Amino acid sequence: MYNFKFQNPTKIIFGKGMIAELAKEIPQGKRILITFGGGSVRNNGVYDQVKQALANHHTEEFWGIEPNPKYETLMQAVVLGRQKNIDFILAVGGGSVVDGSKFIAAAIPYEGEPWDLISKRIRVQTTVPLATVITLPATGSEMNCGAVISRKSTMEKLVLSTPLNYPKFSILDPEVTFSLPKGQIAAGLIDTFIHTMEQYLTFPVDAKLMDRWAEGILQTVIETAPRAMDIRPDYDTMANYMLTATMALNDFIAMGVPQDWATHMIGHEITAFAEITHGYTLAIVFPQLLRVMKDEKRDKILQYGARVWGITVGSVDERIEATIERTEGFFRSLGVKTKLSEYGVGEEIISKIVARFEMRGTVLGENKTVTPEKVEKILRMAL
Ligand code: NZQ
Ligand code: ZN
């Protein structure tokens, strides 16, 4: 097991009716900027619950943070936040609203060009404190310090990460998920699954608890998925899904283990150029990445296949292939397409992505062996 430091300061407030807790959690006297997406919260009652809870607080609102949040939109919120002198941000929405709000929180006090915090990886010195009401279980953004921000003008999608951006608290009410379209639930389940894989499916370091914990998350996603995709899912199903999504990317399963993240970095480029939903990009990349990287990942693929899917017979190659097929089959069982061409995306995207990785000198994966050539191979197999 590797050495590690672990600290996650986010308080989780979980369950039915918990949005009302906002009144107690945010100190009186704060000047709050509440950030929203495109309006789903107006239709499912979340907006009304938030407004009611904060009736005696000072609030300003910013609407319109889009999926794959855009720098251009977020800078409007930065201007508003500075004008109104806000000193607390409450993000109400999915991962995009939360991520966008993390950027706003870092950008408001920054005197230079805020995009540099991302593109030049300038260390963030101070942020506006932030909390969330998460409405889409997927990203774990409600309990981690990362954010993924896109810039329209340059078609980039890059990561901003600072420990200052852990939410002070996050409210997880499973009832808010009943209004989610099935396609978003499918994307959220796959995102949760792949977050786990990025921290699990590398090479063994005898981290027994992390392995079992990760496998528990994978099994819970598989077990929960059919009921979450049901026309009328029940509360406990959505509660399990919600908690699982948070636990897959809140640093817990990363203790003492190597991490991959190649699927995500390739997926971000697909979204940057073709605006495909994040979870779907992962379903496209991951099965092919396993095929291309199967020698380096052999031991963990076999362990995953045996413990999660019960695949124990056949030669090593047969078991590996059967495991990859089961994985891709699981994504497809959620109604998610796993080939670029099924999204109307052709070969042209491959050269753009490979050229970008070459220009940046990017090598990915737990061993930094996923070179631009390997990325090209993965994407060709995913066409
Ligand atoms: O904008 P509104 O109207 O609110 O609608 C949203 C949006 O259209 C809708 N939605 C959210 N909650 C809903 C709802 N519709 C009905 N009922 C509800 N309860 O869903 C749509 C998608 O929302 P979005 O926030 O974009 O989805 P998600 O939570 O999957 O976030 C995706 C973004 O997070 C990034 C992705 O790259 C992508 O940009 N990620 C962030 C991570 C992190 N911070 O740690 C890690 C992830 O790997 C990921 O990269
Ligand atoms: Zn993800």
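**Why these labels? A predicted model, term by term**

Q: What makes Trp213 count as partly exposed in this predicted model?
A: Trp213 has a relative accessible area of 29%. Buried means under 20% and exposed means over 50%, with partly exposed in between, so Trp213 gets the label partly exposed.

Q: Where does Trp213 lie, and what is it in contact with?
A: Trp213 lies in helix 8. Setting aside neighbours within four places in sequence, Trp213 is in contact with Met247, Phe252 and Ile253. Take Met247: it sits 34 residues from Trp213 along the chain, and their C-alpha atoms are separated by 9.7 Å.

Q: How do helix 8 and helix 9 pack?
A: Two packed helices are described by the angle between their axes and the distance between the axes. For helix 8 (residues 208-228) and helix 9 (residues 235-248), that's an angle of about 145° with the axes 9 Å apart. Helix 8 passes helix 9 in a left-handed crossing.

Q: Which residues meet where helix 8 and helix 9 touch?
A: On the helix 8 side you'll find Trp213, Ile217, Thr220, Val221, Thr224, Arg227 and Ala228, and they meet Thr237, Met238, Asn240, Tyr241, Thr244, Met247 and Ala248 in helix 9. By type, the residues of this contact divide into eight nonpolar, five polar and one charged.

Q: Why is Thr281 called buried?
A: Its relative accessibility is 0%. The cut-off for buried is under 20%, so Thr281 counts as buried. Thr281 has its place in helix 11 (residues 278-292). Not counting residues up to four places away in sequence, Thr281 touches Gly267, Ile270, Thr271 and Ile276.

Q: How many aromatic pairs does the structure hold?
A: There are 12 aromatic pairs.

Q: Why is the pair of Tyr71 and Phe103 called edge-to-face?
A: Their ring centres are 6.1 Å apart, and rings pair if the centres lie within 6.5 Å. Their planes stand at 70°, and over 60 degrees counts as edge-to-face, so that's what the pair is. Tyr71 is in helix 4 (residues 71-83) and Phe103 in helix 5 (residues 95-107), 32 residues apart, so to speak a link between distant parts of the chain. Both Tyr71 and Phe103 are buried.

Q: Which residues do ring pairs link into a cluster?
A: Phe193, Trp309, Phe330 and Phe331.

Definitions and conventions
Residues are numbered from 1 along each chain as its sequence is written. Chains are lettered from A and ligands numbered from 1 in the order in which they are written. This is a predicted model: local features need pLDDT of at least 70, side-chain atom pairs count only at pLDDT 80 or more; totals for chains, interfaces and linings use all residues. Side-chain values use heavy atoms; hydrogens and water are left out. Axes are lines fitted to C-alpha atoms, for helices over the stretch in contact, and angles run from 0 to 180 degrees between N-to-C directions. Helices (H or I, at least four residues) and strands (E, at least two) are DSSP runs, numbered from the N terminus. A crossing is left-handed if the near helix is turned anticlockwise from the far one by less than a right angle, and right-handed if clockwise. Contact means heavy atoms within 4.5 Å. Ala, Val, Leu, Ile, Met, Phe, Trp, Tyr, Cys and Pro count as nonpolar, Asp, Glu, Lys and Arg as charged, and the others, Gly among them, as polar. Rings of Phe, Tyr and Trp (its six-membered ring) pair if their centres lie within 6.5 Å; planes under 30 degrees apart count as stacked, over 60 as edge-to-face and the rest as tilted. Buried means under 20% relative accessible area, exposed over 50%, partly exposed in between (1.4 Å probe, protein chains only).
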